[in-house]
Amino acid sequence: MVSSIRSLGVSGIGGYEVSVECFLSRGLPNFDVVGLPDTAVKEARDRIRAAIKNAGLEFPVGRLTINLAPADQKKAGTAYDLPMLLGILSAAGAIAMPGRENAFFGELSLTGELRPVRGALPMALAARRAGVEKLFLPAANAAEAAFATGLTVYPVPTLGALLGHLSGETPIQPIEERLPDAAQMGELPDFSEVKGQENVKRALEIAAAGGHNILLSGPPGAGKSMLAKRLPGILPDMSREEMLQSTEIWSVTGLTSAENPIVISRPFRSPHHTISASAMAGGAQLQPGEVSLAHNGVLFLDELPEFHRDVIEVLRQPLEDGVVSLSRASGNAVYPSRFMLVCAMNPCKCGWYGQPGNRCRCTDNAVRKYRGKISGPLLDRIDMLVEVPALEYDELKTRKSSECSADIKKRVNAARNIQRERFGAALGCNAQMGQKEIAAYCALSEKCDTLMKNAYERMGLTARSYDRILRVARTIADLDGEAELLPKHIAEAIQYRTFTLEEEAK
């Protein structure tokens, strides 16, 4: 007898439908799995056999052949355990074959308990697109899959519970979508804890409001890392679409859980400088890298020159296109990677170049070599270059409290809402504007044009840096609630390009 069970799989960060076909025939006992299964899929034979016996059922005797269709696509992971088991029981006549409106996936333990798998949300979204009405999956994955609206999601704790539901004896209650409580995520570091550095706080506010890339340069102890790590507290709220996009990526890498089934706050990724280029862009098995995990959020690179040159250059395509294209032995994939790049660096290897007290022992050649690790094309893709000076003693001892992150975030959210109304679903923020949007929303008056022309000629700007100044100026105007760009907006945006690593090294 032949049975067919609907299931799902994951390729890259997207789900697709898999049909689990089981054929039970006479002959010597044998259990074959075909359809390009990996080792984890093949090992399901032993898990399924034990789970069936521990559920009080008889494992059928005969020749079993299971085909995972489409047979020309590689199948990986343990998500096929449950549909394969149901296919065997259906082919043997032990249970009625589930209707085509049902789909199943999940890993089985030897006792019949269902364990969570990676990629629950992408598979649930694929099930919805395929017309599935009811989705049965491990209870630990149910809260995540419930965000795929249009599906009835059933959390299955054990094989016995599922069989009881299918027979109509003990129905399982479906789960509904529920956002986790933001209070459970813990408190974020606050800008009110930072003394001084008001110009840097202003720059970070602009960067957060428009999604602009920013580089902070200054001596050790100036507060570069401290300021950057407080950035999540002022980032704009995520839309539902952004939540689902980020959760799909995090889900296939195993970063979601039953307690935190969906990404509700913008990702903040801070990899160590020893990271490899493969881990930054994407792994050998087409796993998303840091540039994709930071999608819709922030990628923070502390001590930027300490990163390997090839790792830094990997950032070029994601910064320009918002996607990363991977070509590996296991296949090809294109992942979203629209993130805000935040970098911090010292002025030299020892960190004290240009500081009072003659503490720096680096030669001019050593300083140039240190900064030369950051290529001009990468710097050209950074919207704002900000110097973070060392704090004065009076700033350190002051008891005056600074503005809190909550107040700054209100202004950031207001500016981002203006951008959403302006661009609709086409773009997310000012940093993503193309030439068409720049021409439409960054028109320059005569005074603004004169200001930009002088800056372009004196500073030796490129066409790319010219566009980035206009994008930053548009964000500054949005923070001020102005529809048109004014000279003060242009002047402040130009200020964030006046500091360059080359000039500082002279």
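Buried means under 20% relative accessible area, exposed over 50%, and partly exposed in between (1.4 Å probe, protein chains only). This is a predicted model, where local features need pLDDT of at least 70, side-chain atom pairs count only at pLDDT 80 or more, and totals for chains, interfaces and linings use all residues. Residues are numbered from 1 along each chain as its sequence is written, and side-chain values use heavy atoms, with hydrogens and water left out.

View 1. Helices (H or I, at least four residues) and strands (E, at least two) are DSSP runs, numbered from the N terminus. Helix α2 spans residues 44-54, and its buried residues are A44, R47, I48, A51 and I52. Seen down the axis of α2, these fall within an arc of 125° (taken from the directions from the helix axis to the C-beta atoms), so they line one face of the helix. D46, K53 and N54 are exposed on the other side of α2. The cover over the buried residues includes β3, α1, α3, β6 and α6; contact here means heavy atoms within 4.5 Å. After α2 comes G56, with a positive phi near 85°.

**View 2. An open sheet of five strands.** The strand order is β11-β12-β15-β10-β16, with parallel pairing. β11 (268-269) and β16 (384-387) stand at the edges with a single partner strand each, so one side of each has no neighbour in the sheet. Two strands pair if DSSP finds at least two bridges between them. Four bridges join β10 (residues 214-217) to β16. L216 stands opposite V386 in β16.

**View 3. Salt bridges across the chain.** A salt bridge is a side-chain nitrogen of Lys or Arg within 4 Å of a carboxyl oxygen of Asp or Glu. The whole structure holds 24 salt bridges. R411 and E205 meet in one of them, at 2.8 Å from N to O. This pair links helix α17 to helix α7, 206 residues apart. R411 is partly exposed at 31%, whereas E205 is buried at 6%.

View 4. R269 pairs with E290, with the closest N and O atoms 2.8 Å apart. R269 lies in strand β11 and E290 in helix α11, 21 residues apart. R269 is buried at 18% relative accessible area, and E290 is buried at 13%.

**View 5. Cysteines without a disulfide.** A disulfide is a pair of cysteine sulfur atoms within 2.5 Å. The count is zero disulfides. The sulfur of C362 is 3.7 Å from its closest cysteine sulfur, in C350, which is too far for a bond. For C442 the closest is in C448, at 11 Å. C442 is buried, at 4% relative accessibility.
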